[in-house]
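Try each task with the structure in view before reading its solution.

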Amino acid sequence: MTALVLTGLAKSFGALRVTDGLDLTVEDGEVHAIIGPNGAGKTTLIGQITGEIVPDAGRISLFGADITGWSVPQRARAGLARCFQISQLCAGFTAEDNVALAVQAGQGHSFRFLRPARTDGRLRIPARAALERVGLAARADTPLEDLAHGEKRQLEIAVALAMQPRLLLLDEPMAGMGPEESAALVALLASLKGSLPMVLIEHDMDAVFSLADRISVLVSGRIIRTGTGEEVRGDPNVREAYLGDEVPHA
Amino acid sequence: MSGALKTRGGVLVLLLGLVLVALPFVAQAYGSTYAITLATRVVIYAMVAVSLDLILGYGGMVSFGHAAYFGLGGYVVAILSFHLAEDVPIFGFAGTNEALVSLPLAMLVSGLAALVFGALSLRTSGIYFIMITLAFAQMLFYIFVALKYYGGDDGLSMPRRNLLAGTRLTDPASFYFLCLGLLGAVLGLMRAIVGSRFGMVLTGAKANERRMAALGYPVTRYRLVAFVIAGMIAGLAGGLWANLGRFVSPDMMAWMKSGEFMLMVILGGVSSLAGPVVGAAAFLLIESTISGLTQHWQAIFGPIVILIALYAPRGLWGAATGGRGS
């Protein structure tokens, strides 16, 4: 079964066609990277997949369900989890609180007014497990404000995992990270590989080529090539449009 | 929050509670019912301020129309009493003087108004939300000014206070303890709500709405429920207020009153349970002290508020506890 299918997706801002008849298929279980030069329309594409931006035309389907008209929360409840490029977490909450919010979201509605949530094992135990999975258990009780940049990226992933998603959308997870932190994150993502399909949008080509099963190249709002790392690297159109000197010589 | 700070806040809460409980006994010993009346006003305003803090402090919804629900609750109680006294049925209902009927009805009507106004207001955010909540409150204000049958501009008097399960609420100390007990219940409820799953979603949405949507929470629905709860509690307080002075008027829902409630919350400290109570007490004590000195008491009150805002940005309660409140 396919995880995500985009068909004829189009979005214009004024005269600018940011997404221009885009087709993309993400298979279940694969890590599918989307790369492209700045201004290719990656952010707008992510926005349309998550529901923050409404496309002008086209269809989006998630595991066979047409989610084109669905809101952001509806898509999240259908199993779409997203790691934001710039961390979007709740200030004033600890690392564990942030993950517990994600666990709670998966346990039905939250119109429960009396029982204390901060001592609820049904929330805290899965939250702690997700923190352990990303290597952040020691920082569970640390307020968000006191976490380092790299730790916030790890926390973003813990939050996404705690949602028990069916598809994980990673928007430049390596952004702003040092080489060591990047390597640790690549190892973490590699450990998740196979357990669920991932869409990876990333500028770090080392990370892309080491993680991705398939790569799609986005140029001017269209996918110009989809294939394995080898295929994409060898495609002259891709080289011309984007990669240039950035291609790591394997 | 460290244990020591929690203890400090706990000690202060205990002291505050003791003062509130002992007050009528001391006042009666000195034969002063004025002090009891003032304390009752503090307790009722505190109830409104606590309810406003649920949406303003914890929920991040700056409602500039909270007096609407306070005034509406007051009018429900006064109108029911009016119809009974005039022997004119309302919607086939003879009216009532029984608090066990009229106070829940006050909460119901205020809650319904909050549901409608909130559902419409929550489609906006930021300055637009402030303006639209203000606009709805002013709309209600002018409706009641125009309702000549219920006194219009001059307000509506109640011949007598309500009965509670058949007992007249005339005794100042007993009425005070009723209000204090209800404030205690409201504070207990707030404490539970803030720490519950619902409270997590409400405060999480204030911290990062985008994240909460991405987690799958339909944020507006949670905000609306908080808005309705706050409206219902304000309605209850309004019903008590109507009993206290045996009088309601459109001024109860005027924008000035909404501003006063916001001031109480900010003065005492937002996002805390004790803060709004302290804020309401400080507001009324300062007001009653300096309004005896000069007619232009607001000229003195304004600078006091500015000084508190400058030197205690987390409010009086925040300054007193040194922590994040309790």
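A crossing of two helices is called left-handed if the near helix is turned anticlockwise from the far one by less than a right angle, and right-handed if it is turned clockwise. Please keep in mind throughout that this is a predicted model.

**Exercise 1. Characterise the packing of H2(B) against H11(B), including the hand of the crossing.**

Step 1. Begin with the geometry: helix H2 of chain B, residues 33-58, and helix H11 of chain B, residues 274-290, have axes 8 Å apart and pack at an angle of about 135 degrees.

Step 2. Now list the residues that make the contact: H2(B) contributes B:Leu38, B:Arg41, B:Val42, B:Tyr45, B:Ala46, B:Ala49, B:Val50 and B:Asp53, while H11(B) contributes B:Gly275, B:Pro276, B:Val277, B:Gly279, B:Ala280, B:Ala281, B:Leu284 and B:Ser288. Sorted by class, the residues of this contact are eleven nonpolar, three polar and two charged.

**Exercise 2. Determine how H4(A) is oriented towards H5(A) and towards H3(A).**

Step 1. Helix H4 of chain A (residues 121-133) and helix H5 of chain A (residues 149-162) have axes that come within 9 Å and cross at roughly 130 degrees. That makes H4(A) oblique to H5(A), and H4(A) passes H5(A) in a right-handed crossing.

Step 2. The contact between H4(A) and H5(A) is made by A:Pro126, A:Ala127, A:Ala130, A:Leu131 and A:Arg133 on the H4(A) side and by A:Ala158, A:Leu161 and A:Ala162 on the H5(A) side. In this contact seven residues are nonpolar, no residue is polar and one is charged.

Step 3. Turning to the other partner, the axes of helix H3 of chain A (residues 95-105) and H4(A) come within 8 Å, and they cross at roughly 115 degrees. That makes H3(A) roughly perpendicular to H4(A), and the crossing of these two helices is right-handed.

Step 4. From H3(A), the residues A:Ala95, A:Glu96, A:Val99, A:Ala100, A:Val103 and A:Gln104 meet A:Leu123, A:Arg124, A:Pro126, A:Ala127, A:Arg128, A:Ala130 and A:Leu131 of H4(A). The contact of H3(A) with H4(A) comprises nine nonpolar residues, one polar residue and three charged residues.

**Exercise 3. Describe the domains of chain A and the contact between them.**

Step 1. The domain assignment places residues 1-79 together with 166-250 of chain A in domain 1, and residues 93-164 in domain 2. Taken over C-alpha atoms, the centres of domain 1 and domain 2 of chain A are separated by 26 Å.

Step 2. Eight residues from domain 1 of chain A and seven residues from domain 2 of chain A take part in the contact. On the domain 1 side, helix H6 of chain A (residues 179-192) supplies the largest share, three residues, and this side divides into six nonpolar residues, one polar and one charged.

**Exercise 4. Find which helix of chain B supplies the largest share of the side that touches chain A.**

Step 1. Count the residues on either side: 26 residues of chain A are in contact with 22 residues of chain B.

Step 2. On the chain B side, at least two residues each come from helix H6 (172-195), helix H7 (197-207), helix H8 (209-215) and helix H9 (219-245). The largest share, seven residues, comes from H7(B).

Step 3. The side of chain B that touches chain A has 13 nonpolar, six polar and three charged residues.

Terms used
Residues are numbered from 1 along each chain as its sequence is written. Chains are lettered from A and ligands numbered from 1 in the order in which they are written. This is a predicted model: local features need pLDDT of at least 70, side-chain atom pairs count only at pLDDT 80 or more; totals for chains, interfaces and linings use all residues. Domain bounds come from an automatic or database domain assignment. Two residues are in contact if their C-beta atoms, placed from the backbone, lie within 7 Å. Helices (H or I, at least four residues) and strands (E, at least two) are DSSP runs, numbered from the N terminus. Ala, Val, Leu, Ile, Met, Phe, Trp, Tyr, Cys and Pro count as nonpolar, Asp, Glu, Lys and Arg as charged, and the others, Gly among them, as polar. Axes are lines fitted to C-alpha atoms, for helices over the stretch in contact, and angles run from 0 to 180 degrees between N-to-C directions. Angles under 35 degrees count as roughly parallel, over 145 as roughly antiparallel, 65 to 115 as roughly perpendicular and the rest as oblique.
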